Amino acid sequence: MEHIKKQDYTINKDDRSRTKKHKPCLIWFTGLSGSGKSTIANLLEKELYKQQIHTYTLDGDNLRRGLNKDLKFTKEGRVENLRRTAEVARLFIDAGLVVIAAFITPYNKIREDIETIVGKDYYIEVFVNTPLEVCEERDEKGLYKKARAGEIKNFTGISSPFEVPVNPTIEIQTMKESPQEAVAKILEVLKRRL
């Protein structure tokens with residue numbers, strides 16, 4: 001690191017924000033597998049696109065197919081997966097984008113680290129709160145069934161813990177709120193941030 005120096009350029013995040021006519025931020029969805037994170041994230045991006053807000057969505061499954069394909073599903077591998085994703089989000093924020101990320105993100109420490117990487121002023125945490133039994137009922141990918149059978153190790157909610165977020169910016173209770181209501185709730189917060 002002693003030979004690495006930060007290179008500053010003339011055009012910065014503020015300049016890019018002025019061009020895009022909105023401020024950048026990271027909207028980080030956390031919750032169990034099957035909670036509805038990706039569904040709500042997708043609907044949110046569609047609404048922001050209609051409003052001509054420049055966005056990019058980072059999805060756990062998609063990043064595991066490329067940038068993070070070398071990582072295992074151990075605790076260490078999962079932490080590194082999220083750290084790399086936060087670093088990518090930070091670059092996109094610097095580019096002036098609204099970044100949407102949908103990841104289980106099981107530990108409070110990891111969520112704190114993500115906030116530190118991108119900066120508190122740019123971090124919006126959305127806890128998609130869905131009971132485990134409902135996530136298991138949905139189980140479109142059959143992951144919970146495999147985890148219960150011991151075929152998948154370190155599966156959040158079954159053989160690996162999920163720590164409920166301490167102080168999320170927004171909590172979506174999917175048993176009481178539809179995906180459309182969740183998006184409306186998030187957009188209300190974004191009005192003050194963008």
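Reader: Which residue in strand 3 does Ile-27 stand opposite?
Author: Two strands pair if DSSP finds at least two bridges between them; strands are DSSP runs of E with at least two residues, helices are runs of H or I with at least four, and both are numbered from the N terminus. Here Ile-27 stands opposite Ile-100. Strand 1 (residues 25–30) and strand 3 (residues 98–102) run parallel and are joined by five bridges. This is a predicted model, in which local features need pLDDT of at least 70 and side-chain atom pairs count only at pLDDT 80 or more, while totals for chains, interfaces and linings use all residues. Residues are numbered from 1 along each chain as its sequence is written, and side-chain values use heavy atoms, with hydrogens and water left out.

Reader: In what order do the five strands form the sheet?
Author: The order is 2-3-1-4-5, in an open sheet with parallel pairing. Strand 2 (55–59) and strand 5 (170–173) are at the edges with a single partner strand each, so one side of each has no neighbour in the sheet. On average, neighbouring strands are turned by 20° against each other, direction ignored; axes are lines fitted to C-alpha atoms, for helices over the stretch in contact, and angles between N-to-C directions run from 0 to 180 degrees.

Reader: Which strands does helix 8 touch?
Author: Contact means heavy atoms within 4.5 Å. Helix 8 (residues 179–193) packs on the sheet and touches strand 1, strand 4 and strand 5, its direction making about 170° with that of strand 5.

Reader: Which residues of strand 5 are on the covered face, and which on the uncovered one?
Author: In a regular strand the side chains alternate between the two faces of the sheet. In strand 5, Ile-170 and Ile-172 form the covered face, Glu-171 and Gln-173 the uncovered one. Gln-173 is also the bridge partner of Asn-129.

Reader: How many salt bridges does the count come to?
Author: A salt bridge is a side-chain nitrogen of Lys or Arg within 4 Å of a carboxyl oxygen of Asp or Glu. The count is 14. One of them joins Asp-94 and Arg-16 at 3.5 Å, N to O. Asp-94 lies in helix 4 (residues 75–94) and Arg-16 in helix 1 (residues 13–20), so the pair ties together parts 78 residues apart in sequence.

Reader: At 35% relative accessibility, what does Asp-94 count as?
Author: Buried means under 20% relative accessible area, exposed over 50%, and partly exposed in between (1.4 Å probe, protein chains only). Asp-94 is therefore partly exposed, and Arg-16, at 24%, is partly exposed.
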